[in-house]
Amino acid sequence: MTTAPYYADDLVTLYHGKAEEVMGEWVNGLANPDFGQIIVTSPPYNMGLTPGGNGRGMYRPGGNNKGGRFRDGYANHDDAMPQDEYDAWQRDCLGLMWELIPSDGAIYYNHKQRVEHGIVRIPLGLQFGLPLRQIITWDRGTGIGVNRRHYAGVAEWVFLFAKPDFKLRDHSASGAGDVWRLGMAREDYGHPAPFPVGLPAKAIDTSGARSVLDPFAGTGTTLVAAKEAGVRGIGIEKSEHYCEMAARRLAQDVLPLGVAA
Ligand SMILES: C[S@@+](CC[C@H](N)C(=O)[O-])C[C@H]1O[C@@H](n2cnc3c(N)ncnc32)[C@H](O)[C@@H]1O
């Protein structure tokens, strides 16, 4: 394997790189035997978030400064790709994830639908190329885009793709149901689109996973959940800025924005 860890401790390892390239190395080399029994991840949604917010996409800065923390986009990812290109990229990434997980593994893939300029955009047109076991709804509790034109969108999806031997931890874990009322990420580490620690924590807990990979790790939320659960966590993140934030968060060297020391 050629990509060196950006951060590592007893339980978690974070790689700075592109998910497709790093996972491609692992699939080809199979040098690392533990890539994660489950994968919990949230890719960029191709919502038009451009670094710095340059006027493309649905969250372009307007005169009224709507768009909140989305308006500046990601640190270095252009989230306004041609839709076909985006869908092909994500299908390739899902294919690599599928090759990495073992026969009792599963992928929890968070995404959301949206209506943009009168057209519904369903993640990858629901053509994932993988066997779908279940769709879980994540209830964020509150939504973005609160205005009088429509109801605020509070629901996101978690697509569960599972290998044949994947089972939940036990019967009681099934009682978690397929609507997870987790709210939004409460802590702000300067990322436009984090999920709450509760989301990967619930996936790890209910699956009884031995290890977890997040190839779009952002500020390391899945790795924080892995550490808290005492299981192995592996992350990949393209932006060095977010890697740095994740590393400091994992080393407990940084407080969320707005929290006094
Ligand atoms: C929706 S965010 C994930 C946020 C994360 N769940 C958290 O709680 O912080 C998607 C992340 O994917 C990263 N990203 C974009 N392209 C990538 C690529 N090719 N490989 C790895 N990460 C990438 C972005 O920088 C962004 O941090």
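These legends describe close-up views of a predicted model with its ligand.

**View 1. The shell around the ligand.** The ligand is surrounded by 23 residues. Ala19, His191, Thr219, Thr221 and Glu237 are the closest of them. By residue type, the shell holds twelve nonpolar, seven polar and four charged residues.

View 2. His191 uses its side chain, where an N or O atom is 2.8 Å from an oxygen atom of the ligand. At Thr219, a polar side-chain atom lies 2.7 Å from a ligand oxygen atom. On its own, the ligand has 610 Å² of accessible area, and the protein covers 99% of that.

**View 3. The largest nonpolar core.** This core has 32 residues. Ile38, Val40 and Tyr108 have the most contacts inside it. Strands β2 (12–16), β3 (38–41), β4 (106–111), β7 (132–144) and β8 (153–162) are among the elements that each supply at least two residues. Helices α4 (198–207), α5 (221–229) and α6 (240–250) also each supply at least two.

View 4. A separate core contains 29 residues. Trp26, Trp98, Phe159 and Phe216 are included in this second core.

View 5. Six positions are labelled by name. In α4, the buried residues are Leu199, Pro200, Ala203, Ile204, Thr206 and Ser207. In an α-helix, residues three or four places apart point the same way, because each turn takes 3.6 residues.

Terms used. Residues are numbered from 1 along each chain as its sequence is written. This is a predicted model: local features need pLDDT of at least 70, side-chain atom pairs count only at pLDDT 80 or more; totals for chains, interfaces and linings use all residues. Side-chain values use heavy atoms; hydrogens and water are left out. A residue is near a molecule or strand if one of its heavy atoms lies within 4 Å of it. A polar contact is a pair of N or O atoms within 3.5 Å; within protein, one must be able to donate a hydrogen and the other to accept it, and residues adjacent in sequence count only if both atoms are side-chain atoms. Accessible areas come from the Shrake-Rupley method with a 1.4 Å probe; for residues, only the protein chains shown count as cover. Ala, Val, Leu, Ile, Met, Phe, Trp, Tyr, Cys and Pro count as nonpolar, Asp, Glu, Lys and Arg as charged, and the others, Gly among them, as polar. A nonpolar core is a set of buried Ala, Val, Leu, Ile, Met, Phe, Trp, Tyr and Cys residues joined through side-chain atoms within 4.5 Å. Buried means under 20% relative accessible area, exposed over 50%, partly exposed in between (1.4 Å probe, protein chains only). Helices (H or I, at least four residues) and strands (E, at least two) are DSSP runs, numbered from the N terminus.
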